[in-house]
Amino acid sequence: MNDFVVVGGGVIGMLTALELADGGAEVTLVERGQCGREASWAGGGIVSPLYPWRYSAPISRLSAWSEGFYPTLAERLIETTGIDPEYRQQGLLYLNVEDAEQALAWSREYAKPLTRVDADFVYDKAPAVALGCESALWMPTLGSIRNPRLGKSLRAALDAHPRVRLLENVAVQGILLQDDTAIGVQTANSVLSAGQVVVCGGAWSREILSEAGLALPVRPVRGQMVLFKAPKGLVERVVLKNGRYVIPRGDGRIV
């Protein structure tokens, strides 16, 4: 029997499995498709909520911890797998922020570097920004990661880990309960018993947990992204305006 079964092979599911296995647990990760795909593949990779001051205090604390965790994680994955997830800490320019005073108050409360900058600063940091920007907010510590490569490197790390078993293209059909306690999961061809079950199914977690009588208020939301093959150096840092972002990659591509 496994110590843990992790349902879902996105970034969160894979990181959960890796942390548990590093702690000595025997872990089976079950993914209905391929690890690191779905939303983990398509996201922008900004290591922060887009406008962090608009979220609750627990979210602020979690995102601050994550920002400190990702540089070390990226170094580990490069060393152990040879796959660079491309963590970049080049900062973020917030353009056209209507609640700037709230943002600055949040930065003071959480000791997060965030300053108001003028047009000269904006065009020095991002010369390709359209003309007409008079001021912005600047967060120098913000980082981004190339999430498709993060998924590949995490999968490689798990595949090589002696205490992890990866099951891809295996859909979980239900969670097995005994006296209201999860004791494993049912797939089409087998029963996977475990001391504990961790559900990391993203937008599909509600469907998975409903089989166990739990109602989770999560629903999928579709977004749209475009990837440009641009000259290297056209954009060097994340720029955000009116909820839309531009994210550079190391090879010049822009999301």
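User: What angle and axis distance describe the packing of helix H1 (residues 11-22) and helix H6 (residues 147-160)?

Analyst: H1 and H6 pack at an angle of about 30°, and their axes are 10 Å apart. Axes here are lines fitted to C-alpha atoms, for helices over the stretch in contact, and angles run from 0 to 180 degrees between N-to-C directions. This is a predicted model, with pLDDT of at least 70 needed for local features and 80 or more for side-chain atom pairs, while totals for chains, interfaces and linings use all residues. Residues are numbered from 1 along each chain as its sequence is written, and side-chain values use heavy atoms, without hydrogens and water.

User: Why are H1 and H6 called roughly parallel?

Analyst: Let's set the angle against the cut-offs: under 35 degrees is roughly parallel, over 145 roughly antiparallel, 65 to 115 roughly perpendicular, and the rest oblique. The angle is about 30°, so H1 and H6 are roughly parallel to each other.

User: And which hand does the crossing of H1 and H6 have?

Analyst: H1 passes H6 in a left-handed crossing. In that term, the near helix is turned anticlockwise from the far one by less than a right angle; clockwise would be right-handed.

User: Which residues of H1 and H6 make the contact?

Analyst: From H1 come Val11, Met14, Leu15, Ala17 and Leu18, and from H6 come Leu150, Gly151, Leu154, Arg155 and Leu158. Contact means heavy atoms within 4.5 Å. By class, there are eight nonpolar residues, one polar and one charged. Ala, Val, Leu, Ile, Met, Phe, Trp, Tyr, Cys and Pro count as nonpolar, Asp, Glu, Lys and Arg as charged, and the others, Gly among them, as polar.

User: What makes glycine 151 count as buried?

Analyst: Buried means under 20% relative accessible area, exposed over 50%, and partly exposed in between (1.4 Å probe, protein chains only). Glycine 151 has a relative accessible area of 3%, and is therefore buried. This residue is found in helix H6. Its contacts, leaving aside neighbours within four places in sequence, are Met14 and Gly36. The C-alpha atoms of glycine 151 and cysteine 35 are separated by 7.1 Å, although the two are 116 residues apart along the chain.

User: Why does alanine 111 count as exposed?

Analyst: Its relative accessibility is 68%, so alanine 111 counts as exposed. Alanine 111 lies in the loop between helix H4 (100-109) and strand S4 (115-118). Its phi is positive, about 50°, although it is not a glycine.

User: What about asparagine 169, buried or exposed?

Analyst: At 55% relative accessibility, asparagine 169 counts as exposed. Asparagine 169 lies in the loop between strand S6 (164-167) and strand S7 (172-178), and its phi is near 55°, a positive value in a residue other than glycine.

User: Why is threonine 141 called partly exposed?

Analyst: Threonine 141 has a relative accessible area of 24%, so it is partly exposed. It lies in the loop between strand S5 (135-139) and H6. Not counting residues up to four places away in sequence, threonine 141 touches Glu67, Gln89, Lys112 and Pro113. Threonine 141 and leucine 92 are 7.9 Å apart, C-alpha to C-alpha, and 49 residues apart in sequence.

User: How many helices and strands does the chain have?

Analyst: The chain has seven helices and 13 strands. Helices (H or I, at least four residues) and strands (E, at least two) are DSSP runs, numbered from the N terminus. Of the chain's 255 residues, 44% count as buried.
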